Amino acid sequence: MNTQLAETGALLRLALRRDRVMAPVWILVVAMLVLSLPGSLESVYGTAAERERLLATMTANGSLRALYGPVFGDSIGALTAWRGGVFAGLLAGVMSLVIVVRHTREEEESGRQELLSAAMVGRRAPLTAALLAALTANAAAALLVTAGLAGRGAAGALALGLGIGATGMLFAALAAIAAQLTESARLAKGLTGAFIGAAFVLRAAGDAGAPDGGSALTWISPLGWLEHVRAFAAERWWVLALFAAASAAQLVAAYALAARRDVGMSFLPARPGPARGRLGSAGALAWRLQRGALLGWSLGFLAAGVVFGGMTDGATELVGDNARTREIIERMGGQAGQAGQGVLADAFLATMAGMLAMVAALYIVSAVLRLSAEESGQRAEPLLANAVGRLRWAGGHLAVAFGGSALILLLAGLGLGIGHGEDIGGAVAATLGQLPAVWVIGALAALLHGAVPRFAVAAWAVAGAALALGWVGPALNLPQAVLDLSPFAHLPKLPGGQDPSWAPFVALTALAAALLAAALTALRRRDLAA
C-alpha cells in the first residue's frame, strides 16, 4: 500500500460525516436549479413558434446572451441546458471550493490536521480525501440531473450532468491549489471565488459579442466549455476531455505544492500588520480583517447592477406578449394585474433588485460567521483576555456585516439605475428596500453563532433557502404560504406605481434588532468554543 495515501478512506468517511448536512443541501440546490426548469419552460414556450421566436430574440440580444449564454436548440431539453447549465456549473464550483477548503486549509488552520498527521496518516491522504469528498458531491449532483432529465433525451441528460459535475471538479482542483498557496481558509476561498467570478465574466463577455458562443473569451472560461458541451443539441462529447485535462493538470500542481510545504505553512506568506497606531479598537481590527472581502463584494454588486439594468429593455422585448413569462416576472416583481411596457420594466427591475438582495444575504452570513472563524481558530481568546469585552469584539464584526450589506445594496441600486439610464433614485430605493430582510438573515446567523456555535454553519442553509424560494418559487407557482417563509416575500417590491406601506420595513427591522439582542445575550453567557 502507498504510505503517502495511508488512511485516506478513514479521512474520507470523516469528511462525508462532517458534510452529511451541508453537502446534501448543496447537491439538491444544484440539481433542483436544473430540474425545476423543464416544466416552467414548457408552460412558457410550449409551441414551436414560441421557441423559434425565443431563439431569434436571443441571437439578437447580446445582454441576455451575456447572462444566460447562446441557445443551441429549440427543444425543452436544450432550453433547460441554456437557462440553467451555466448557473448550475457555477453553484457546483462554489460547492466544490467549500468542500475542498474545509477539509484541507481549515483543518490545518484549526490545528486538527497536525494532530492527525502525528498518527498513521499519509502525507497526501488529507488532500486526496478532500478531493474525493468533492468528487462524491459532484457525482451525486450529476446523477440527479441525468436521472431527472433522462425523459427529455438520455444523451443530452448525460452530457449536461457530466458537464456540471466536471465543472465542479475543475474548480475543486483549483481550490486544492489555492489551499496550498494561501495562509488561511478565508484567503483560499476568496482566491478560488475570484477565479470562478472571472470565469463567469469571461464567458459573459464572449457570449455578448458572439451569438454562436464562438468567441475566444468564451473558450478561455470553463463555464464556456460547459455551454459548448451542447447538451440536447448535437452533443460535443470531446469538450469533456478539456475538463479532464485541465483538472488533471491542476491536480498534479496541487500535489506537487502539497509535497513541498509543511503543515500549516503556505507559499504566499502573511503580510505583517501594523504594530501600533492603526488598530486602536476591536472595530478597527474587524474592519481590517473584512475590508478586502467587502471591497470585492462592492465591486461585484456595482458591476452586476449595471449589467442587469442594461438588460431591462432586452428582457421586456424577450417577454413580448408571452403571458406565462409576464406572469412570472410580475409575480417576482410585484406588479401583477397591471399592463404596459413601463410597468413590465419596473417589474423586471424589482425582480433584479430582489435577486441582488438575496445574494447580499450570502455576504452578510459570511461576514457574521467571521466571528465563528475567529473563535474556532483561537484568535478571539487572546484578544478577549485583554481589555476587550465580548460585545465590543462581536459588535465590530457585526457593524461591518450589517453596514457592508447596506453599502453593497446601495452600489447595486446605483448600478441598476446607471445601466437602465432612468430614475437612479428609484433603483437605489428598490435595492435598499430589501435591506431589512437581509438584516433578518444576518441576525439569524448571529443568533446561531451566539447560542449554538456548533450549528452556526446552518445560517448558510437559511440564506440558500431564501435564495431558492425567490429564484425558482415564482416559476414553479409555489403557494404563497411557502413563499412567505422567506423574509423577502413580506417586503413591497420597488419600483412600483403605489406608495409602499412602512409596516413591513419596520417589523422586519425590529425583528432583526430583537434577534441581534438575543444573539449578543447568548454570546455573553456561554463559554468560548474550544
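**A helical protein in a predicted model**

The protein has an average pLDDT of 83, and 88% of the residues score at least 70; pLDDT is the predictor's confidence in each residue, from 0 to 100. Residues 336-340 have a pLDDT below 50, and this stretch makes 5 contacts in the model beyond near neighbours in sequence (contact means heavy atoms within 4.5 Å). Where pLDDT is low, the predicted coordinates should not be read in detail.

This is a predicted model, in which local features need pLDDT of at least 70, side-chain atom pairs count only at pLDDT 80 or more, and totals for chains, interfaces and linings use all residues. Residues are numbered from 1 along each chain as its sequence is written, and side-chain values use heavy atoms, with hydrogens and water left out.

The secondary structure consists of 26 helices and 0 strands, taken as DSSP runs (helices H or I, at least four residues; strands E, at least two) numbered from the N terminus. Of the 530 residues, 50% are buried, meaning under 20% relative accessible area with a 1.4 Å probe, protein chains only. Among contacts between residues at least 6 apart in sequence, 75% join residues at least 24 apart.

Helix 10 covers residues 154-181. Because 23 of its 28 residues are buried, helix 10 is largely enclosed by the rest of the structure.

Helix 21 (residues 390-420) meets helix 26 (residues 503-525). On helix 21 the contact uses Arg390, Leu391, Trp393, Ala394, Leu398 and Phe402; on helix 26 it uses Leu516, Leu520, Leu523 and Arg524. By class, this contact has 8 nonpolar, no polar and 2 charged residues, with Ala, Val, Leu, Ile, Met, Phe, Trp, Tyr, Cys and Pro counted as nonpolar, Asp, Glu, Lys and Arg as charged, and the others, Gly among them, as polar.

Methods. Axes are lines fitted to C-alpha atoms, for helices over the stretch in contact, and angles run from 0 to 180 degrees between N-to-C directions. The expected span of a helix is 1.5 Å times one less than its number of residues.
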